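Visitor: I am new to this structure. Please take one part and walk me through it closely, with its surroundings.

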Amino acid sequence: MATVYSVAQINQYIKNMFGNDYLLRNLQIGGELSNVKYHTSGHIYFTLKEEGSAIAGVMFSSASAQGLDFRLENGQRVVITGNVSVYERDGRYQIYARQIKKEGMGNLYEAYEILKQKLYEQGLFDFEHKKEIPKYPKKVGIVTARTGAAIQDICNIAKRRNPYVQLYLYPARVQGDGAAAAIVKGIETLDNMGMDTIIIGRGGGSIEDLWAFNEEIVAWAIYNAKTPIISGTGHEIDTTIADYTADLRAPTPSAACEMAIPDVMSLKRRVEEYSQGIRQSMIRRIHRERKNLELLSVKLNRVSPKNRYENQRIYVDRLEEQLRKAMSDKLNDRKNRYAVMLGRLNGLSPTAKLTGGYGYIENLTGNPVTSVYGVKESDTIRISIHDGQIEAIIKKVKEKTD
């Protein structure tokens, strides 16, 4: 019995066939747009028709952000790059677009790729030829349109990052006839003025809008310049021949300015913050060391020879005072004892009794007369009394009778 398949199985089978086909996985289809519809989800739905045939198509929002740089409208002739697959729910095939370009852009892309390969082989893109961008420029030249968002953004960013850098604008056409020649003239003029860095660029646009930066004369002008050149053309997804040739490629003109001019104002603020932090740290360190010094000073004073000397000196002074007092007390004691002993001695002294009418008798040879038998009549004797001496002649000697 024959196998019966479901609709979903058939649609899945056909989708797998489309997915495995090399041509349908990556192809370009040209035609006219119709039934263009921008959905609120960001997806774009359309029909691509050509001479009685048509194919449904969709471009998801994720793809349009990178692969579409203009607004789709009915009647436009375009070239779509993508893959053909089956939408299983409806069982119909459609093209899923990854990139959509206006018809005729293919010739420009072909010319772009040919020139890029030629200049690559000639060494214009070699890394060894790239010049180093100065870190701290004083003069920065700019080649772009006098009016437009690019120059305004560059001026605002430069003023914010480093208001001391001098900006020199060479107003040049950046789109249309004569734009490439104007860009070359601007590069040569600023190069001869001794710029530190030159910025070339413009805002985003289609490949046609940016084509002046894909011209060979612009590439050679960049290559031959003595001044380092930063190229910032278009949006981040846009890449031009000038970007490959320049010494540094920036995704936008604003980014080119940030690469050319250092943010010295932020650096200044950081330096001030670091300086304040160091100052506070030093104050804390000094305060801490001062406390340590005070503690060490206290400890040093405790063991200082000077303090020990002063303490010993005070101790000696006290000992001296005690010694003097002891000696004075001892002397006074000796004086008192001397007075007492002198009094006692006076009491025992023979001369002390002379004051009461008594006298001391001695002969002329100085020997005391202690007995009547020691003298005789007519002998001379000397009598000592309390206030002097008397010499007398003995008239009569009388013995003591019981």
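Guide: Start with a cut-off: a residue is buried under 20% relative accessible area, exposed over 50%, and partly exposed in between. Tyrosine 223 has 21% relative accessibility, so it counts as partly exposed. Keep in mind that this is a predicted model.

Tryptophan 220 also counts as partly exposed, because its relative accessibility is 30%. Both residues lie in helix H7. They sit 3 residues apart, about one turn of the helix. A search of the whole structure finds 3 aromatic pairs.

Now look at isoleucine 222. Setting aside residues up to four places away in sequence, isoleucine 222 touches Lys131, Ile187, Ile200, Ile229, Ala242, Thr245 and Ala246. The largest nonpolar core has 23 residues. Ile222 is among the members that touch the most others, along with Val143, Ile187, Ile200 and Ile229. Helix H7 (216-224), helix H6 (179-192) and strand E8 each supply at least two residues of this core. H6 gives the most, with 7 residues. Nonpolar side chains tend to be buried together in soluble globular proteins.

Strand E8 leads on to a sheet. Here 5 strands form an open sheet with parallel pairing, in the order E7-E6-E8-E9-E10. Its edges are strand E7 (166-171) and strand E10 (248-249), each pairing on one side only. Strand E6 (residues 139-144) pairs with E7 over 6 bridges, in the parallel sense. Helix H5 (residues 149-161) lies across E6, E7 and strand E8 (197-202). H5 runs at about 165° to E6.

Elsewhere, other strands pair up. Strand E4 (residues 77-87) and strand E5 pair in the antiparallel sense, over 10 bridges. Isoleucine 80 has isoleucine 100 in E5 as its bridge partner. The hairpin of E4 and E5 has 4 residues between the strands, and glycine 91 takes a positive phi near 70° there. Strand E3 (residues 53-59) runs parallel to strand E5 (residues 92-102), joined by 2 bridges. Valine 58 stands opposite tyrosine 96 in E5.

Arginine 71 lies over the face of tyrosine 38, 4.0 Å from the ring centre. The charged end of lysine 102 sits over the ring of phenylalanine 70, 5.2 Å from its centre.

Conventions:
Residues numbered from 1 in each chain as written. Predicted model: local features only at pLDDT ≥ 70, side-chain atom pairs only at ≥ 80, totals over all residues. Heavy atoms only, no water. Pairing = 2+ DSSP bridges. Contact = heavy atoms within 4.5 Å. Axes fitted to C-alpha atoms, helices over the stretch in contact; angles between N-to-C directions. Core = buried A, V, L, I, M, F, W, Y, C linked by side-chain atoms within 4.5 Å. Buried < 20%, exposed > 50% of the residue type's maximum accessible area, 1.4 Å probe, protein only. Phe/Tyr/Trp six-rings, centres within 6.5 Å; stacked < 30°, edge-to-face > 60°. Lys NZ or Arg CZ within 6 Å of the ring centre and 35° of its normal.
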